[in-house]
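Me: I have a structure open here and I'd like to go through it step by step. Could you help me read it?

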Amino acid sequence: MEIQMTLHLPRDAVSVPVGRQVLDSCLETLGVAPDTRGDIALALSEACANVVQHAGPGEEYEVQVSARDRRCTIEVVNAGSGNGELAPGAFAVTDEPVAITAEHGRGLKIIEAVVDNLQLTGNGRQGTTVHFEKTLEWVPGAAGQHLFSADVEGSDPAVPIP
C-alpha cells in the first residue's frame, strides 16, 4: 500500500503553514506519533520557507508526499530562477557550522537533524528538489500501522483493527 499526495502551492509565505497543517492532519488521521509529526512539520516548514524565500520567479511550488512501508518521503520542488540556479547558498548542506546568531543558513541543517535522509537534486525543470524521508512511528492502535502492516504481511484487509 502507498498513500500519495501532491500540493501545488503559491510561492507565498502564507502557503508554508497551510502545507504543513494539511500534511500534519493527514498524518494524524493515520495515527503517526506526535513527535514524528513534529519532526516532519519542522522539516517541511524549513524546506517550503527556503523555496518561498530563495527560489527565482515562479507562481507556485509543489510538495509531493508518499507514505509506504512505515516511511514518509517528501519532496519540495521549486521552479528555480529560469536559468536553473538558485540564489547562491540557498540550498547547500555543508559541514561548516552555522553561527548561533545567524538569521539565515540554518534551514537545511535543521532538516538534516530531524529526518532520516536528506538529498538535494536538480529536478529537470530548471530548479531544485529538496527530498527527505522519515520513518513513521505510530500511536497505539493507529489505522496507518494496520494498513501498512496488512500490506506487508498480506493479511486480509477486511479484518478490523484490533
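Reply: Let us start with a definition: a residue is called buried when its relative accessible area is under 20%, exposed when that area is over 50%, and partly exposed in between. Please keep in mind that this is a predicted model.

Me: Then is D39 buried, exposed or partly exposed?

Reply: D39 has a relative accessibility of 25%, so it counts as partly exposed.

Me: And which residue does D39 form a salt bridge with?

Reply: The partner of D39 is K134, and the closest N and O atoms of the two are 2.9 Å apart. Because D39 lies in helix α2 and K134 in strand β5, the pair ties together parts that are 95 residues apart in sequence. K134 itself counts as buried, because its relative accessibility is 12%.

Me: How many salt bridges are there in the whole structure?

Reply: A search of the whole structure finds five. One of them brings together the side chains of E133 and R71, with 3.6 Å from N to O. Since E133 is in strand β5 and R71 is in strand β3, this pair ties together parts that are 62 residues apart in sequence. Salt bridges that share partners also join R71, D116 and E133 into one network.

Me: Changing topic, what order do the strands of the sheet have?

Reply: The open sheet has five strands in the order β1-β2-β3-β5-β4, and their pairing is antiparallel. β1 (2-10) and β4 (117-122) stand at the edges with a single partner strand each, so one side of each is left without a neighbour in the sheet. From one strand to the next, the twist averages 15°.

Me: What packs on that sheet?

Reply: Helix α2 (residues 34-54) does, touching β2 (60-68), β3 (71-77) and β5, and its direction makes about 175° with that of β5. Helix α3 (residues 107-114) also packs on the sheet, where it touches β4 and β5.

Me: Which residues in the largest nonpolar core touch the most other members?

Reply: That core has 34 residues, and Y61, V63, I74, V76 and F132 are the ones that touch the most other members. Helix α2 gives the most to this core, with seven residues.

Me: One more, about L9: buried or exposed?

Reply: L9, whose place is in strand β1, counts as buried because its relative accessibility is 8%. Leaving aside neighbours within four places in sequence, L9 is in contact with several residues, including S15, Y61 and V63.

Technical notes. Residues are numbered from 1 along each chain as its sequence is written. This is a predicted model: local features need pLDDT of at least 70, side-chain atom pairs count only at pLDDT 80 or more; totals for chains, interfaces and linings use all residues. Side-chain values use heavy atoms; hydrogens and water are left out. Two strands pair if DSSP finds at least two bridges between them. Helices (H or I, at least four residues) and strands (E, at least two) are DSSP runs, numbered from the N terminus. Axes are lines fitted to C-alpha atoms, for helices over the stretch in contact, and angles run from 0 to 180 degrees between N-to-C directions. Contact means heavy atoms within 4.5 Å. A nonpolar core is a set of buried Ala, Val, Leu, Ile, Met, Phe, Trp, Tyr and Cys residues joined through side-chain atoms within 4.5 Å. Buried means under 20% relative accessible area, exposed over 50%, partly exposed in between (1.4 Å probe, protein chains only). A salt bridge is a side-chain nitrogen of Lys or Arg within 4 Å of a carboxyl oxygen of Asp or Glu.
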